[in-house]
Amino acid sequence: MGKHFDDAVGKGKEAFGKAAGDRGTEAEGKVDQAKANAKDTTDKLKDKAEDAIGSVGDKIKDVFKRD
């Protein structure tokens, strides 16, 4: 599932758990939100790493470029 969906489900579970006095469901909601946040962070790190690798590759090509 997508990170936005997981976050929304988590918020819903947390709210339902609070309203119903169900600490287990509330905790599950918080876990779902944490997972969504972790996915978002991982995606951002992956993008940064790909950008950095691309930049290094471009610099290597420039070094070996022959005129």
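Student: Is Lys13 buried, partly exposed or exposed?
Tutor: Lys13 counts as partly exposed, at 27% relative accessibility. Keep in mind that this is a predicted model.

Student: Which residue forms a salt bridge with Lys13?
Tutor: Asp32 does, and the closest N and O atoms of the pair are 3.0 Å apart. That pair links distant parts of the chain, with Asp32 in helix H2 and Lys13 in helix H1, 19 residues apart.

Student: And Asp32, buried or exposed?
Tutor: Buried, with a relative accessible area of 14%. The cut-off for buried is under 20%, so Asp32 at 14% falls in that class.

Student: How many salt bridges does the structure hold?
Tutor: The structure holds 9. As background, side chains of opposite charge can pair when their charged atoms come close.

Student: What does Asp43 pair with?
Tutor: Asp43 forms a salt bridge with Lys3, and the closest N and O atoms are 3.0 Å apart.

Student: How exposed are Asp43 and Lys3?
Tutor: Asp43 is partly exposed at 34% relative accessibility. Lys3 is partly exposed too, at 23%.

Student: Which residues are linked in a network with them?
Tutor: The salt-bridge network links Lys3, Asp40, Asp43 and Lys44.

Student: Switching to Glu14. Where is it, and what does it touch?
Tutor: Glu14 sits in helix H1. Leaving aside neighbours within four places in sequence, Glu14 is in contact with Thr25, Glu26, Gly29, Lys30 and Gln33.

Student: Buried or exposed?
Tutor: Glu14 counts as buried, at 15% relative accessibility.

Student: Which lysine forms a salt bridge with Glu14?
Tutor: Lys18, with the closest N and O atoms 3.6 Å apart. Lys18 itself is exposed, with a relative accessible area of 52%.

Student: OK, helix H2. How many residues does it have, and how far does it reach?
Tutor: Helix H2 covers residues 23-64, which is 42 residues, and spans 61 Å from its first C-alpha to its last. That is close to the 62 Å expected at 1.5 Å a residue.

Student: What is at the start of H2?
Tutor: A side-chain oxygen of Asp22 comes to within 3.1 Å of the backbone nitrogen of Gly24 there.

Student: Which residues in H2 are buried?
Tutor: Thr25, Glu26, Gly29, Asp32, Gln33 and Ala36.

Student: What do they pack against?
Tutor: The buried residues of H2 pack against helix H1, residues 3-20.

Student: Let me check some distances. How far is Ala36 from Ala8?
Tutor: Ala8 and Ala36 are 28 residues apart in sequence and 9.1 Å apart in space, C-alpha to C-alpha. Ala8 is in helix H1 and is partly exposed, with a relative accessible area of 47%.

Student: How far is Gly2 from Ala36?
Tutor: C-alpha to C-alpha, Gly2 and Ala36 are 7.9 Å apart in space, and 34 residues apart in sequence. Gly2 lies in the segment before H1 and counts as partly exposed at 39% relative accessibility.

Student: How far is Leu45 from Gly29?
Tutor: Leu45 and Gly29 are 24 Å apart, C-alpha to C-alpha, and 16 residues apart in sequence. Leu45 is in helix H2 and is exposed, with a relative accessible area of 57%.

Student: Last one. Which residues form the nonpolar patch on the surface?
Tutor: Val56, Ile60, Val63 and Phe64 form it, with about 430 Å² of accessible area together. Of these, Ile60 is in helix H2 and is partly exposed, with a relative accessible area of 46%.

Conventions: Residues are numbered from 1 along each chain as its sequence is written. This is a predicted model: local features need pLDDT of at least 70, side-chain atom pairs count only at pLDDT 80 or more; totals for chains, interfaces and linings use all residues. Side-chain values use heavy atoms; hydrogens and water are left out. Helices (H or I, at least four residues) and strands (E, at least two) are DSSP runs, numbered from the N terminus. The expected span of a helix is 1.5 Å times one less than its number of residues. Buried means under 20% relative accessible area, exposed over 50%, partly exposed in between (1.4 Å probe, protein chains only). Contact means heavy atoms within 4.5 Å. A polar contact is a pair of N or O atoms within 3.5 Å; within protein, one must be able to donate a hydrogen and the other to accept it, and residues adjacent in sequence count only if both atoms are side-chain atoms. Patches are made of residues with over 30% relative accessible area and no salt bridge: like charges are joined within 9 Å, nonpolar side chains (Val, Leu, Ile, Met, Phe, Trp, Tyr) within 5 Å. Accessible areas come from the Shrake-Rupley method with a 1.4 Å probe; for residues, only the protein chains shown count as cover. A salt bridge is a side-chain nitrogen of Lys or Arg within 4 Å of a carboxyl oxygen of Asp or Glu.
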